[in-house]
Amino acid sequence: MKFLIDNIWLIALALLSGGALVWPNLQRRGEKVSTLQATQLMNQGKAVIVDVRDPAGFATGHVRDAKNIPLKELPNRVAELEKFKSKTVIVVCQSGTQSAKATSILKKAGFNEVVSLTGGLAAWQAQGLPVAK
């Protein structure tokens, strides 16, 4: 007991550090796919890509055959994706944070197979995968 009292600040620091390491994993929402899994789904024709970045970001480069629907417009434009309900919808943003929000919007709209690209377009480009302009 004396050890705990004497080292309370070190114990608190260790718990805080551990919590900081675990926090990002607890925040992840929805299913995710890696760049490899995404390319496999695309090559099999089982997926449609939805890029939720703004049009300017989309114009600088995007995944081939991606449909651009900005995140703030997505709730109003879900009908454009109705014909793809039988396919897996892969949502892409720049880093993977906005796509998590978009996956929840699409799931609420009735899409069963909605996933987010882990790391977003940045991870796609880091792997040397092709980008259309």
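Biologist: What does T35 touch, leaving aside residues up to four places away in sequence?

Modeller: In this predicted model, T35 touches L117, A123, W124, Q127 and L129. Contact here means heavy atoms within 4.5 Å.

Biologist: And why is T35 called buried?

Modeller: Its relative accessible area is 14%, and buried means under 20%, so T35 counts as buried.

Biologist: Where does T35 lie, and which other residues of α3 are buried?

Modeller: T35 lies in helix α3, residues 35–43. The buried residues of α3 are T35, A38, T39, L41 and M42.

Biologist: How do you know that they are on the same side of α3?

Modeller: They cover an arc of only 160° around the axis, so they end up on the same side of α3. The face turned away from that buried side carries the exposed residues L36 and N43.

Biologist: What do the buried residues of α3 pack against?

Modeller: β1 (32–33), β2, β4, β5 (114–117) and α7 (120–126).

Biologist: Switching to F111, what makes you say that the charged end of K85 sits over its ring?

Modeller: That charged end is 5.3 Å from the ring centre, and the distance cut-off is within 6 Å, along with an angle within 35 degrees of the ring normal. K85 is also among the residues that F111 touches, including V78, L81 and L106.

Biologist: Which residues have the most contacts inside the largest nonpolar core?

Modeller: V52, L74, L81, V89, V91, L106 and F111, in a core of 16 residues. A second, separate core has 15 residues, including M42 and I49.

Conventions. Residues are numbered from 1 along each chain as its sequence is written. This is a predicted model: local features need pLDDT of at least 70, side-chain atom pairs count only at pLDDT 80 or more; totals for chains, interfaces and linings use all residues. Side-chain values use heavy atoms; hydrogens and water are left out. Helices (H or I, at least four residues) and strands (E, at least two) are DSSP runs, numbered from the N terminus. Buried means under 20% relative accessible area, exposed over 50%, partly exposed in between (1.4 Å probe, protein chains only). A nonpolar core is a set of buried Ala, Val, Leu, Ile, Met, Phe, Trp, Tyr and Cys residues joined through side-chain atoms within 4.5 Å. The arc is that of the directions from the helix axis to the C-beta atoms.
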